[in-house]
Amino acid sequence: MKTIKSKILLTYVGVTILALVLSWFFTSIRISDYLEGLTKERIKSATRQIVNYLVSDSIDNYNNLYNKIKIISSLNDTRITLIDSVGKVWCDSDIDIEKIDTVENHKNREEIVNARNNHYGFSKRFSHTVHKWMIYYAEYYENPLHIGDKKIYYIRTSIPIITINRLGTEIKFILGISAILSLIIIFVTSLQISEWMTKPLKNLKDFALDLKNGFYKRRFHVDKKDEIGILAETLNQLAESIENEKSEVERLESIKKEFITNLMHELRTPLFVIESSLETLQNMNFADIEKVKEFVGKASNQTKRLHKVVDNLILISKLRTGEQVVNLRSLKATDFIKKIYDDYKEIIEPKNIEFVLSINAPDDIKILGDKQLLSYALDNLLDNSIKYTQEKGKIELSLSTDDGHVVFIVSDTGKGISQNELKKITEYFYRPELDHNSKTGGAGLGLAVVKEIIRMHNGALIMESELSKGSKFGFKLSISK
Ligand code: ADP
């Protein structure tokens with residue numbers, strides 16, 4: 001796998017090498033041009049000196065001329081060629097006297113042609129005569145130079161290009177050294193830059209891998225506001241939401257498990273009583289009518305309890321899924337509560353419990369509600385009060401108003417509930433420890449149903465209680481116009 005670090009490194013080094021090669025290339029061309037220019041100047045002034053020398057000196061024979069030319073040539077590090085009007089080479093410092101006649105006619109050589117046209121001319125080519133790359137310079141004299149007894153029309157000097165290259169090589173060497181140095185510097189700096197850039201990325205990668213492996217509690221320390229900082233912050237938020245989701249899923253899972261366990265228990269207990277009562281009845285002497293009544297009664301009570309559990313569960317489920325439609329109608333609160341009071345008066349008073357109705361609200365006050373469901377809610381609250389209030393106790397059903405709301409309360413002087421229990425009382429199947437297996441205890445679904453009904457009415461549940469003193473359960477709904 002190619003890491004970002006190595007990619008950055010390669011890119012930096014690659015770009016630097018490319019830049020160096022390009023600058024090397026262009027600098028070389030420039031240097032070569034410059035050196036060529038210098039060489040041309042040099043060859044031009046050298047030629048001037050040579051001409052002056054040759055013209056001023058007295059040369060009596062060819063050998064004498066040849067030797068002189070050779071000396072000047074070696075002093076100036078140049079090749080000197082003397083050419084007559086038709087292009088014949090008459091004397092050349094690099095060619096032996098004996099071979100001079102075999103030299104090719106120079107009339108059409110580029111520098112000679114140029115000189116003929118412009119008085120002087122340059123050219124650059126490989127000399128087959130001396131087997132070297134040369135730069136040539138020629139001057140043309142309309143009035144020929146008189147050297148010895150000869151008339152010289154062209155004088156040509158040349159320098160091997162190797163001279164240029166040698167000077168260039170030194171400069172190129174310096175360039176090469178600085179290229180290597182800059183390459184090292186770039187390598188070290190880019191190594192550090194890539195390290196500096198990729199370190200947070202590497203940490204971020206480790207963090208993301210941790211998240212992938214389920215360590216959702218880990219957080220990335222963000223101290224920068226750059227792209228990496230934003231990415232890290234986003235990953236932190238992601239980890240947090242996953243963590244929350246996970247604990248929510250776990251919570252729901254445990255609620256589900258607890259619900260099923262409680263449900264099984266609530267169904268099994270009455271079924272067991274019903275089953276054993278029926279078995280007892282089967283083997284019973286029916287003459288003992290009191291005993292028969294007792295067991296039929298037991299079976300009947302448990303069937304009712306079972307029925308209630310199932311009814312409550314079905315209602316909660318329907319309300320939650322929306323299958324049970326909430327029929328919101330305008331209800332006159334006073335009429336509604338009076339009707340309930342009348343129904344319960346007959347049930348409560350025979351139990352030797354005082355039952356009071358208190359109305360502290362205008363007679364025509366209205367609410368928007370589902371009459372059936374709200375009655376069911378109040379039924380549950382009243383049933384509880386009856387269950388948990390002893391004889392000579394008091395139950396009060398009240399209606400009042402409070403800041404745009406109608407408040408329904410069932411209060412009793414019953415056994416009350418502790419504050420701790422009160423917090424959990426609306427959970428499914430929840431019943432305080434003391435109530436378990438007691439005759440009074442239902443399945444612990446009544447208040448859960450009330451809560452659901454009030455929620456569907458956008459109302460608020462009211463629960464207040466004090467152990468051994470009594471309780472207040474109720475709800476408030478918005479006043480309707
Ligand atoms: P259940 O069907 O068992 O009555 P609820 O959800 O209606 O279930 O009530 C849950 C528990 O809350 C009851 O078991 C009881 O312990 C307590 N409770 C409810 N109402 C009262 C009340 N008025 N006085 C004392 N305890 C109450």
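**Close-up 1. Aromatic residues of this predicted model, beginning with the cluster of Y120, F122 and Y137.** The residues Y120, F122 and Y137 form one aromatic cluster, where rings of Phe, Tyr and Trp (for Trp its six-membered ring) are taken to pair if their centres lie within 6.5 Å. By this rule the count comes to 12 aromatic pairs. One of these joins F259 and Y428, whose ring centres are 5.5 Å apart and whose planes stand at 70°, so the pair is edge-to-face (planes under 30 degrees apart count as stacked, over 60 as edge-to-face and the rest as tilted). Because F259 lies in helix α5 and Y428 in the loop between α9 (419–424) and α10 (446–456), the pair ties together parts that are 169 residues apart in sequence. With a relative accessible area of 23%, F259 is partly exposed, and Y428, at 28% relative accessibility, also counts as partly exposed; here buried means under 20% relative accessible area, exposed over 50%, and partly exposed in between, with a 1.4 Å probe and protein chains only.

The model is predicted, and local features need pLDDT of at least 70, side-chain atom pairs count only at pLDDT 80 or more, and totals for chains, interfaces and linings use all residues. Residues are numbered from 1 along each chain as its sequence is written, and side-chain values use heavy atoms, with hydrogens and water left out.

**Close-up 2. The packing of helix α5 against helix α6.** Helix α5 spans residues 227–282 and helix α6 residues 289–321, helices (H or I, at least four residues) and strands (E, at least two) being DSSP runs numbered from the N terminus. Their axes come within 8 Å and cross at roughly 155°, the axes being lines fitted to C-alpha atoms, for helices over the stretch in contact, with angles that run from 0 to 180 degrees between N-to-C directions. The two helices α5 and α6 are therefore roughly antiparallel to each other (angles under 35 degrees count as roughly parallel, over 145 as roughly antiparallel, 65 to 115 as roughly perpendicular and the rest as oblique). The crossing of α5 and α6 is left-handed, a term used if the near helix is turned anticlockwise from the far one by less than a right angle, and right-handed if clockwise. Among the residues that make the contact (heavy atoms within 4.5 Å) are F259, L263, E266 and L267 of α5 together with V292, F295, V296 and K298 of α6. By class, the residues of the contact of α5 with α6 divide into 15 nonpolar, four polar and three charged, with Ala, Val, Leu, Ile, Met, Phe, Trp, Tyr, Cys and Pro counted as nonpolar, Asp, Glu, Lys and Arg as charged, and the others, Gly among them, as polar.

**Close-up 3. Helix α1 beside helix α2.** The axes of helix α1 (residues 4–56) and helix α2 (residues 62–76) come within 11 Å and cross at roughly 150°, which makes α1 roughly antiparallel to α2. In this arrangement α1 passes α2 in a right-handed crossing. From α1, the residues R42, A46, Q49, I50, Y53 and L54 meet L65, K68, I69, I72 and N76 in α2, and this contact has seven nonpolar, two polar and two charged residues.

**Close-up 4. Helix α6 and helix α8.** The axes of α6 and helix α8 (residues 371–388) come within 14 Å and cross at roughly 140°, which makes α6 oblique to α8. The crossing in which α6 passes α8 is left-handed. The contact is made by K308, N312, L315 and L319 of α6 and by L373, Y376, N380 and D383 of α8, and its residues divide into four nonpolar, two polar and two charged.

**Close-up 5. The surroundings of R109.** R109 is placed in the loop between β2 (89–92) and α3 and is buried, with a relative accessible area of 18%. Once its neighbours within four places in sequence are left aside, R109 is in contact with E104, R125 and R156.
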